[in-house]
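Please read them with the structure open.

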Amino acid sequence: MNAYLACVLVLAAGTYAFRLAGPVLHGRIELPARVQELLTVGATVLLVALLATGALTEGHGFAGWARPIGVLAGGVLAWRKAPFAVVVVGAAATTALLRLAGVA
């Protein structure tokens with residue numbers, strides 16, 4: 001068996017086990033309120049870190065100012081409860097207009 005195929009199968013089995021654990025363990029394990037709070041904060045931190053790396057970097061360097069400003073515009077639209085399509089188009093349009101204006 002190819003080593004890559006073995007890795008993919010192991011990762012697929014692990015992913016399936018994680019997805020299966022929720023419904024199987026629901027109601028059997030009760031987490032303390034502090035653990036639930038920490039898990040919520042941890043998930044938020046991971047999402048913010050993903051957003052920051054995606055918005056601020058390209059390759060091994062800074063992505064320029066147009067992209068983070070576009071992400072900020074999308075965030076403001078999402079915060080104002082705009083529809084998802086408006087958020088995406090608004091962020092993309094902001095980035096495109098800034099690049100068209102010469103902002104790197």
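Which helix holds both Arg34 and Glu37, and how many residues apart are they?

1. Both residues lie in helix H2, which covers residues 33-56. They are three residues apart, about one turn of the helix. Keep in mind throughout that this is a predicted model.

2. Arg34 and Glu37 are joined by a salt bridge. Their closest N and O atoms are 3.4 Å apart, which counts because the cut-off is 4 Å. Arg34 is exposed, at 51% relative accessibility. That label holds because exposed means over 50%. Glu37 is partly exposed, with a relative accessible area of 45%.

3. How many salt bridges does a search of the whole structure find? The search finds two. Glu58 is partly exposed, and its relative accessible area is 48%.

4. Arg67 turns up again in the surroundings of Thr95. With neighbours within four places in sequence left aside, Thr95 is in contact with Ala66, Arg67 and Gly70. Thr95 belongs to helix H4, residues 84-100. Is Thr95 buried or exposed? Thr95 is buried, with a relative accessible area of 12%. The label applies because buried means under 20%.

5. Now the aromatic rings. The structure holds one aromatic pair. Phe62 and Trp65 form this pair, and its geometry is edge-to-face. The ring centres are 5.2 Å apart, with 70° between the planes. The pair is called edge-to-face because its planes are over 60 degrees apart. Phe62 counts as partly exposed, at 49% relative accessibility. Trp65 counts as exposed, at 57%.

6. Helix H1 runs over residues 3-25 and has 23 residues. From its first C-alpha to its last, H1 reaches 32 Å. That is close to the 33 Å expected at 1.5 Å a residue.

7. What caps the N-terminal end of H1? Asn2 does, through its side chain. A side-chain oxygen of Asn2 lies 3.3 Å from the backbone nitrogen of Tyr4. After H1 comes Gly27. The phi of Gly27 is positive, near 90°.

Definitions and conventions: Residues numbered from 1 in each chain as written. Predicted model: local features only at pLDDT ≥ 70, side-chain atom pairs only at ≥ 80, totals over all residues. Heavy atoms only, no water. Salt bridge = Lys/Arg side-chain N within 4 Å of Asp/Glu carboxyl O. Helix = DSSP H or I, 4+ residues; strand = E, 2+ residues; numbered from the N terminus. Buried < 20%, exposed > 50% of the residue type's maximum accessible area, 1.4 Å probe, protein only. Expected span 1.5 Å × (residues − 1). Polar contact = N/O pair within 3.5 Å; in protein donor to acceptor, adjacent residues only side chain to side chain. Phe/Tyr/Trp six-rings, centres within 6.5 Å; stacked < 30°, edge-to-face > 60°. Contact = heavy atoms within 4.5 Å.
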